[in-house]
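Hi,

Here is the structure I said I would pass on.

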Amino acid sequence: METTLRGVGVSHGVAIGEVRHMGTAVLEPPAKQIPPEDAEREQGRARKAVEAVAADLMARGNLAGGEAQAVLEAQAMMAQDPELMADVERRIAVGSTAERAVYDAFAAYRELLAGAGEYLAGRVADLDDVRNRIVARLLGVPMPGVPDSDEPYVLVARDLAPADTALLDPTLVLGFVTEEGGPTSHSAILARALGVPAVVALPGAGELAEGTVVAVDGSTGDVFVEPSAQKRAELEAAAAERKAALAASTGPGATADGHKVPLLANVGGPSDVPAAVEAGAEGVGLFRTEFLFLDDSKQAPSEEKQVAAYRQVLEAFPEGRVVVRVLDAGADKPLDFLTPADEPNPALGVRGLRTLLDHPDVLRTQLTALAKAAEGLPVYLEVMAPMVADRADAKAFANACREAGLRAKFGAMVEIPSAALRARSILQEVEFLSLGTNDLAQYTFAADRQVGAVSRLQDPWQPALLDLVALSAEAAKAEGKSCGVCGEAASDPLLACVLTGLGVTSLSMGSASIPYVRATLAKYTLAQCERAAAAARATDSADEARSAAQAVLSGE
């Protein structure tokens with residue numbers, strides 16, 4: 001009998017197939033004692049397992065490239081954390097086996113993270129995955145992960161570790177459903193990059209029986225269990241219609257009446273550029289530069305290395321716009337040589353621009369490298385700072401850009417509510433704003449983007465978040481400057497229309513979303529987008545806002 005479950009749709013498309021569950025987690029190893037003379041051997045086993053897992057994660061990252069690479073490299077650093085390893089060796093020295101010592105040391109660290117504020121609690125899933133991989137290697141059992149199957153299937157899991165999501169085979173994994181996660185979790189971002197339909201934060205996903213046929217609608221968040229022939233036909237027809245609309249939609253982003261809305265790509269490095277070019281991106285709206293710095297957490301990359309990497313991206317968009325975000329270190333992207341190790345809540349501490357202003361040499365080198373990378377190229381380079389809180393921050397960043405001889409527009413990211421509330425003040429120092437809706441939602445609602453239990457507050461349709469977007473866009477218009485969106489909100493085609501109606505001047509997203517957004521924008525006039533935006537803001541919840549905008553745009 002057909003039933004419908006509702007989660008959060010995070011990656012467009014429809015998938016129909018049989019359920020296959022993720023491999024179970026590693027069992028708890030027995031707590032047996034070893035004689036003192038075996039301690040050194042067990043410590044060696046533990047070190048080798050840790051190094052092997054870290055190397056495997058790095059290799060997976062190199063294969064996946066782009067955003068996935070940065071996520072997996074962060075996990076590899078987690079595996080090699082010196083304090084964790086020291087705790088493992090201490091436990092072995094007093095009689096634990098290598099596998100038990102790893103299990104207990106990670107459990108203690110897990111408890112610390114879980115109690116250190118919601119932002120760090122969101123790293124627990126990544127930590128558990130690292131632990132499971134090390135313990136599995138020590139026990140000589142298969143790694144937890146994606147099931148083996150010769151037939152295509154819908155993957156169901158409590159949550160998906162980045163190492164698993166990054167290397168999903170889209171020819172076998174038709175789509176995936178998770179019980180945990182949110183619209184801006186690592187898994188959601190990587191699903192969009194892969195173009196795999198996905199639904200997250202689905203209560204009871206784990207109870208779906210192996211082999212059950214489900215239809216996953218990654219646009220609406222609906223999961224139909226044992227769908228009828230009629231429902232299958234409806235979904236397949238809708239998917240075919242969507243595909244035809246995508247194929248027919250080409251060229252620059254614009255509304256039906258010709259109002260231009262440049263559609264840009266979010267990239268994590270040179271490896272993401274081909275997909276952006278293929279999708280018809282008009283440039284880059286968010287070039288995350290962290291990938292270079294995560295290669296080695298002990299020191300910053302040389303100026304020469306930075307110049308070469310930046311130039312690869314800049315060369316791909318002649319006459320196009322490339323917006324570079326300078327290093328956003330801290331919180332879930334710690335770097336040994338930059339970020340303090342003892343902050344009680346790193347998400348609310350020295351992160352982003354604050355870190356760079358504390359280390360002006362790192363900022364100066366990056367800005368100088370960008371200036372050199374752009375020399376002789378016809379690209380329109382723009383450089384922005386993450387985590388700008390007020391005018392003083394914006395001024396300090398603009399001054400640093402000028403001192404580095406950077407011939408580019410200087411901008412500020414709006415990720416903190418204070419920046420949206422005082423956007424006009426910030427625009428006295430910089431030339432554009434870019435809204436990072438992922439962090440703006442996180443800080444507005446005190447809701448970690450990795451925690452499924454608070455995913456409704458991470459929904460970019462929340463009217464309070466739309467109010468902050470409107471404030472920023474209105475301030476930019478009053479100052480005659482631009483205000484783009486580079487957060488995941490821009491990848492939702494319907495929400496892209498609403499953002500346009502709020503006055504946003506450009507939209508940047510994962511490359512796979514560009515065709516969907518282009519095709520949807522082209523169906524509506526600017527006036528329709530403005531009415532949809534007003535209707536959404538007049539509501540009191542994300543669901544109501546989405547429904548109100550849909551009603552306006554469908555003419556109801």
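In strand S6, Ala198 is the bridge partner of Ser11. That bridge belongs to the antiparallel pairing of S2 with S6 (residues 198-200), which runs over three bridges; strands count as paired if DSSP finds at least two bridges between them. Helices (H or I, at least four residues) and strands (E, at least two) are DSSP runs, numbered from the N terminus.

Before you go further: this is a predicted model, so local features need pLDDT of at least 70, side-chain atom pairs count only at pLDDT 80 or more, and totals for chains, interfaces and linings use all residues. Residues are numbered from 1 along each chain as its sequence is written, and side-chain values use heavy atoms, with hydrogens and water left out.

The sheet itself is open and mixed, with eight strands in the order S1-S8-S7-S3-S4-S5-S6-S2. S1 (3-6) and S2 (8-11) are its edges; each has a single partner strand, so one side of each lacks a neighbour in the sheet.

**Helix H21**

Seven of the eight residues of H21 (514-521) are buried, meaning under 20% relative accessible area (1.4 Å probe, protein chains only). Among them are Ile514, Val517 and Leu521. Their cover includes helices H9 (229-248) and H20 (493-502), plus strands S9 (263-267) and S16 (506-509).

**Confidence**

Mean pLDDT (the predictor's confidence in each residue, from 0 to 100) is 87 for the chain, and 92% of residues reach 70 or more. Over residues 117-121 pLDDT stays under 50. Where pLDDT is low, the predicted coordinates should not be read in detail.

Cheers

Notes:
Contact = heavy atoms within 4.5 Å. Buried < 20%, exposed > 50% of the residue type's maximum accessible area, 1.4 Å probe, protein only.
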